[in-house]
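I opened my notebook to look a few things up in this model. My entries are below, in the order I made them.

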Amino acid sequence: MKNYETVIGLEVHVELATKTKIFCSCSTEFGGAPNTHTCPVCTGMPGSLPVLNKQVVEYAMAVGLATNCTITQHCKFDRKNYFYPDNPQNYQISQLYEPICRNGYVEIKTEDGTEKKVRIHEIHMEEDAGKLIHDDFNDASLVDLNRSGVPLIEIVSEPDMRSAEEVIAYLEKLRLIIQYLGASDCKLNEGSMRADVNLSVREVGAEEFGTRTEMKNLNSFKSIARAIENERNRQIDLLESGEEVLQETRRWDDTKEYSYPMRSKEDAQDYRYFPDPDLTPIDISDEWMEEVKAKEPEFRDEKMARYISEFDLPEYDADIITLYKPLADLFEETVALGNKPKEVSNWIMGETMRLCKEESVDPDQVSVTAENLSKLIKMIEDSTINRGAAKEVFEAMFKDDVDPEKYVEEHNMKQDNDEEGLKEIIKKVIEENPQAADDVRNGKEKAIGALVGQTMKATQGKANPGLVNKLIKELL
């Protein structure tokens, strides 16, 4: 069998975080009853006219500047004509001839730890289509146009990636840049970040690219990796058996781990692009560009370095926390309320990540507030509750967004710091556990754990463990 190289380029669609659609004032909020976030413009009614949302241009520009693109200061919109039931105008307003951003790149780390530039061919603005809902029971397809007109940017890479690992590294880098900019939440599960994979294989050393296919319906990084591996093997099998790879669009079924053809891949001429007559060209001044550039946030790499130097966090903690912007925000806001950075980090790295895993919650979706986390930490510091109780309170905060102080009051969880009362309980525990008591008297420090445990049990976990430890030593 010959040695083959995989050649991959991506088309990444990102829904922008504007409150209204790209050409009308309808809401972009996810969900809602079908066809309720609509108007004559986004449903393609005759005679309706689009009006461009300025925020869309600023978000597109911000992403372009952060990915080292050249901004096209005079750009315009084009009509891409195609006929699907979820496309109410029978055309999509996009950018072919003069996209807003060109010739950028992002740097990723490859599997061997080296830096690699993945070039960005262009970023263009466009409107999203609606959504078809297939009703198998009635053998019908229904159209929901809530998504129609939601603003997108499409980030088109060059075919610079050679493995699924490089693809995931590239997508992670884009996701973090866009999230830190606030341009999108990039939730793959809600479709606000979608990647189409263009993939071909060729013999190692060959200069010509092979015939590529495009794969759609990829809604998680894991499904993208599986689809890449599957399509690579499918194409190699075809070539090894003397067959041709057809240029086509394929739909990935992640449940069956199988892709099947949707349609032959169209070329630009099939869409009959022409300039949109209802929208004027966009002129971007140097001043406007500088304004957008000046609003750039501290990106992940800079933030990670600062956490290590300013807060003395271990590199591992800083790496995990900054991987998710909401966690980084939670960390900084809680520290700003006067809490020790390492203590805050411990709660994020420990209980937060544990519960995310157990409850299958994406770390981007954690709803614990800095105010509540700060209250919890302060209750531990002033001995209102012990750490065991604090974990229970944190779980309630994580799941139900409760106020920790009210939760402690309502569940009678305040720590028992009454020395005299605890002494009486400890005396009884010592009487009932003479062997452990003798071991402690004879210098076996570990034996004290059994006595502490029995005391905590007797107080239903409300005793202050530090105080219990101290009193046991005094009494023995």
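**Entry 1: a sheet**

What is the order of the strands in the open sheet of 3 strands? I'm working from a predicted model, so I noted that before anything else. The order turned out to be E5-E4-E15, and the pairing is antiparallel. E5 and strand E15 (274–275) are the edge strands, since each of them pairs on one side only.

I looked up two of the residues facing each other: Lys80 has Gln92 in E5 as its bridge partner, and Asp78 stands opposite Ser94 in E5.

**Entry 2: helix H3**

I wanted to check the length of H3, which runs over residues 221–240. At 1.5 Å a residue, its 20 residues should span 28 Å, and I found the end C-alpha atoms 29 Å apart, so the two agree.

Which residues of H3 are buried? My list reads Phe221, Ser223, Ile224, Ala227, Ile228, Glu231, Gln235, Ile236 and Leu238. Just after the helix I came across Gly242, with a positive phi of about 80 degrees.

**Entry 3: H3 and its partner H2**

Then I turned to helix H2 (residues 164–181), whose axis comes within 9 Å of the axis of H3. The two axes cross at roughly 150 degrees. Angles over 145 degrees count as roughly antiparallel, so that is how H2 and H3 lie to each other. The crossing of H2 past H3 is right-handed.

Which residues make the contact? From H2 I wrote down Ala164, Val167, Ile168, Leu171, Glu172 and Arg175. From H3 I wrote down Phe221, Ile224, Ala225 and Ile228.

Most residues other than glycine have a negative phi. That made me stop at two residues.

Asn35 has a phi near 60 degrees, a positive value in a residue other than glycine. I found Asn35 in the loop between strand E1 (4–15) and helix H1 (54–66). Its relative accessible area is 34%, so Asn35 is partly exposed.

Ser360 is not a glycine either, yet its phi is positive, about 55 degrees. Where is Ser360 found? It belongs to the loop between helix H8 (341–359) and helix H9 (370–381). Is Ser360 buried or exposed? With a relative accessible area of 68%, Ser360 is exposed.

**Entry 4: Ser200**

My last stop was Ser200, in strand E11 (residues 193–203). Ser200 has a relative accessible area of 3%, so I put it down as buried.

What does Ser200 touch, leaving out residues up to four places away in sequence? I noted Glu5, Thr6, Val7, Phe209, Gly210, Thr211, Arg212 and Gln235.

Key: Residues numbered from 1 in each chain as written. Predicted model: local features only at pLDDT ≥ 70, side-chain atom pairs only at ≥ 80, totals over all residues. Heavy atoms only, no water. Pairing = 2+ DSSP bridges. Helix = DSSP H or I, 4+ residues; strand = E, 2+ residues; numbered from the N terminus. Expected span 1.5 Å × (residues − 1). Buried < 20%, exposed > 50% of the residue type's maximum accessible area, 1.4 Å probe, protein only. Axes fitted to C-alpha atoms, helices over the stretch in contact; angles between N-to-C directions. Parallel < 35°, antiparallel > 145°, perpendicular 65-115°, else oblique. Left-handed = near helix turned anticlockwise from the far one by under 90°. Contact = heavy atoms within 4.5 Å.
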